[in-house]
Amino acid sequence: MKMLKWLTVNLLLCLFMACNGEKASTKNFSITIGDGSDKVQYNQNVQVKLKNRKNKTIDSVVYSIDGKRMDNRDGNMVFTGIRLGHRNLEAQVYYDGKSDRISTKVAVLAEKAPQLYSYTILHEYPHDSNAFTQGLEFLNDTLYESTGRRGQSSLRQIDYRTGTILRKTGLDSMYFGEGLTILNRKIYQLTWKANIGFVYDMKFNKIKEFRYDQSTEGWGLCNDGTHIYKSDGTEKIWILDPETLEEKDHIETVTNTSVFSMANELEFAHGKIYANTWQKDGVMIINPQSGAIEGVIDFRGLKDRVSQNNNLDVLNGIAYHKKNDTFFVTGKNWDKIFEVRIVAKQE
């Protein structure tokens with residue numbers, strides 16, 4: 001049964017996500033992790049060896065990751081107390097009155113496999129099939145949406161029960177609209193490749209613009225009431241200061257087997273980040289502190305329930321309705337929004 005679950009998890013991850021990996025040495029020394037892999041799991045005890053290429057007389061070796069000293073007792077290292085994702089394992093080697101600093105890249109992965117989830121449809125509501133949905137979020141009982149495509153991008157306020165657009169403002173045709181989030185009665189909206197985002201008041205008056213810092217693209221946005229989280233199509237989710245919009249830090253999204261990229265539209269609920277996976281019918285449930293993908297929601301089948309048309313595109317758009325404790329999901333050019341409850345898959 002455990003083997004079947006493992007195969008099911010990995011099959012779904014292959015369907016819903018995309019992966020990554022890398023290595024290094026000097027002419028005198030190199031580092032070998034385990035059996036030569038560049039992946040370890042958090043809290044895993046792994047053999048770490050220093051290969052002495054020219055038989056130097058080594059006095060001592062100090063290992064570290066991101067400045068944190070790592071114990072390597074009897075050639076074994078426990079990968080704990082460090083961040084998940086791509087890390088540099090460094091070794092400062094002291095020998096013959098000299099020293100070399102060498103490093104190798106290692107992907108530190110989650111301890112556990114993600115829990116698998118499915119959904120139960122509670123209600124279906126009308127949705128504008130011309131809306132290329134890029135962002136979706138509730139403020140109380142009102143739904144806000146950001147749509148994409150150049151010349152069609154917009155910010156909208158919607159009565160989700162009827163699909164009526166209550167307020168709408170278009171973006172300049174040079175911009176491709178992306179994700180949005182609402183914090184302290186301000187609306188934040190991204191654009192895709194223009195390296196610019198916008199901040200509005202609740203009447204859609206533009207307050208200011210902001211430039212991206214270290215990331216190069218805008219994909220999804222959400223917030224936890226204090227910080228704003230931003231995806232950019234890579235394995236990184238950036239943590240932004242809501243006042244300056246500076247990218248202060250980031251997490252990397254990982255499972256117990258790989259580092260994953262392509263987190264798209266974001267939503268924050270139950271203390272976790274819910275992320276649409278680009279071009280896939282799945283949503284990742286991400287720990288915002290560690291980046292560990294703790295769950296995967298299989299939304300296959302929803303697309304078959306909407307009117308099929310030539311512009312129909314993938315699942316994208318997830319919003320949490322706090323009062324109902326339900327999620328609303330839709331897709332690009334879908335004519336329906338689905339109110340769903342997330343349920344654990346039966347083994």
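Tutor: Let us begin with a rule: rings of Phe, Tyr and Trp, the last by its six-membered ring, pair if their centres lie within 6.5 Å. In this predicted model, Y125, F138, Y160 and F328 form one aromatic cluster, and the count of aromatic pairs comes to 18.

Student: What makes the aromatic pair of Y320 and F327 tilted?

Tutor: The centres of Y320 and F327 are 5.1 Å apart, with 45 degrees between the planes. Planes under 30 degrees apart count as stacked and over 60 as edge-to-face, so a pair with an angle between those limits is called tilted. Both Y320 and F327 are buried.

Student: How do you know that the charged end of K193 sits over the ring of W192?

Tutor: The charged end of K193 is 4.6 Å from the centre of the W192 ring, and the rule asks for a distance within 6 Å, together with a position within 35 degrees of the ring normal. R167 likewise lies over the face of F204, at 5.8 Å from the ring centre.

Student: Why is strand β24 described as largely enclosed by the rest of the structure?

Tutor: Five of the five residues of β24, residues 282-286, are buried, so the strand is largely enclosed. Buried here means under 20% relative accessible area. G282, M284 and I286 lie on one side, with V283 and I285 on the other.

Student: What makes β24 and strand β25 a pair?

Tutor: The rule requires at least two bridges, and β24 and β25 have five, in the antiparallel sense. I285 stands opposite G295 in β25.

Notes
Residues are numbered from 1 along each chain as its sequence is written. This is a predicted model: local features need pLDDT of at least 70, side-chain atom pairs count only at pLDDT 80 or more; totals for chains, interfaces and linings use all residues. Side-chain values use heavy atoms; hydrogens and water are left out. Buried means under 20% relative accessible area, exposed over 50%, partly exposed in between (1.4 Å probe, protein chains only). Helices (H or I, at least four residues) and strands (E, at least two) are DSSP runs, numbered from the N terminus.
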